[in-house]
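Thanks for coming. Please have the model open on your screens while I talk.

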Amino acid sequence: MKLLFVFILIMAPLMSSCNKLDQPLDCSNIYEQEKSKPSGVYTIYPMGDRSAVQVYCDMDTKGGRWTVIQRRMDGSVNFYRPWNVYKMGFGSAAGEYWLGLDNMHSLTDKDKYELLVDMEDFEGKKVFARYSSFKVGAECDGYILQVSGFTDGGAGDSLASHNGQKFSTFDKDQDLWPDNCARKYVGAFWYNTCHHANPNGIYRWGADNSLFAVGVEWFYWKGNDYSLKTISMKIRPVQ
Ligand SMILES: [Ca+2]
């Protein structure tokens, strides 16, 4: 007993030095650490030590604290990418990017998260869809999407039919369609028998029906032949 006490006494300073309070998990942590932080690019550690990744933090919309997990805004990044790239993430935090399925799983597995999807058309109209619960499952189960608790900000609910689906890329077809949704609609998503939302589709400038539903689409707002100007998916812990 006495030995144990001495051991704890010696180890205590070492143990407390392991608290890495300066390594935020997400933008909500950053917001809490310094109240005056503006929206912009920050480094987070969604999977702990050595998992540093740059993200865009939205510190303004609806109370801020949002970690952007997906963003399209100018067509500068190619989103037609294979499984391993969607797993790890790609793009630029200052512009277009995908945070990565492992990061999304790690964050939403630890805590209860909500999702906000902000979008804008080429006429400058802005709408959103909000979900009170958002979770990405583990890779071994196909990164299953769990999304519920819809609130309509004018966009309509285009994720309902994606709830419960596995993630699919052109080289890993886990959708419910006999053919390959990711190839057909030139994207990667939690496709069902295919989609009502294709945020990782081809960036094309607005209305375009030359190829059916391959653009950056949100069906319940703009239908299948209108590719959005901007769309961003952002998450934060439910308080
Ligand atoms: Ca299929």
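The largest pocket has a volume of about 360 Å³. Of the 19 residues that line this pocket, Asp-58, Asp-118, Thr-230, Ser-232 and Lys-234 are the closest to its centre. A word on terms: on a 1 Å grid over the protein atoms alone, a pocket is an open set of points where a 1.4 Å probe fits, with protein on both sides within 12 Å along at least five of seven lines, and lining residues have an atom within 4 Å of a point. Grid points are joined across faces, edges and corners, and the volume is the space filled by probe spheres set on the points.

Before going further, note that this is a predicted model, in which local features need pLDDT of at least 70 and side-chain atom pairs count only at pLDDT 80 or more, while totals for chains, interfaces and linings use all residues. Residues are numbered from 1 along each chain as its sequence is written, and side-chain values use heavy atoms, with hydrogens and water left out.

Which strands supply at least two residues each to the lining of the largest pocket? They are β2, β3 (66-72), β6, β7 and β13 (230-237). β13 gives the largest share of that lining, with four residues. Strands here are DSSP runs of E with at least two residues, helices are runs of H or I with at least four, and both are numbered from the N terminus.

Next, the strand pairing. Strand β6 (residues 113-120) and strand β7 (residues 126-136) run antiparallel and are joined by seven bridges. Two strands pair if DSSP finds at least two bridges between them. Asp-118, which I named for the pocket, stands opposite Phe-128 in β7. The hairpin of β6 and β7 has five residues between the strands, and Gly-124 there takes a positive phi near 90°. On to strand β8 (residues 145-153): seven bridges join β7 to β8, again antiparallel. Lys-135 has Gln-146 in β8 as its bridge partner.

Now helix α4, residues 101-110. Eight of its ten residues are buried, so the helix is mostly covered. Buried means under 20% relative accessible area, exposed means over 50%, and partly exposed is in between, with a 1.4 Å probe and protein chains only. Among the buried residues of α4 are Leu-101, Met-104, His-105 and Leu-107.

Lys-62 is not a glycine, yet has a positive phi of about 45°. Lys-62 sits in the loop between β2 and β3 and counts as partly exposed, at 33% relative accessibility. Ala-213 is not a glycine either, and has a positive phi of about 60°. Its place is the loop between β10 (206-207) and β11 (217-218). At 1% relative accessibility, Ala-213 counts as buried.

How many disulfides does the structure hold? There are two, where a disulfide is a pair of cysteine sulfur atoms within 2.5 Å. One joins Cys-27 to Cys-57, with an S to S distance of 2.0 Å. Cys-27 is in helix α2 (residues 27-33) and Cys-57 is in strand β2 (residues 53-58), so this pair ties together parts that are 30 residues apart in sequence. The torsion about its S-S bond is about -75°, which means the disulfide is left-handed. Both Cys-27 and Cys-57 are buried.

The other disulfide joins Cys-181 to Cys-194, with S to S 2.0 Å. Cys-181 lies in helix α5 (residues 181-184) and Cys-194 in the loop between α5 and β9 (197-198), so the parts tied together are 13 residues apart in sequence. Here the torsion is about -90°, so this disulfide is left-handed. Cys-181 is buried, and Cys-194 is buried as well. As for Cys-140, that residue counts as exposed, at 71% relative accessibility.

Thr-193 is also in the loop between α5 and β9. Leaving aside neighbours within four places in sequence, Thr-193 is in contact with Leu-176, Trp-177 and Cys-181, where contact means heavy atoms within 4.5 Å.

What are its protein donors? They are Asp-173 (OD), Asp-173 (OD), Asp-175 (OD), Trp-177 (O) and Asp-179 (O), lying 2.2 to 2.7 Å from the ion. Donors are N, O and S atoms within 2.8 Å of the metal, or 3.2 Å for Na, K and Ca, and water is not among the atoms, so sites may look incomplete. The spacing of the donor residues in sequence is D-x1-D-x1-W-x1-D. Asp-173 counts as partly exposed, at 36% relative accessibility, whereas Asp-175 is buried, at 10%.
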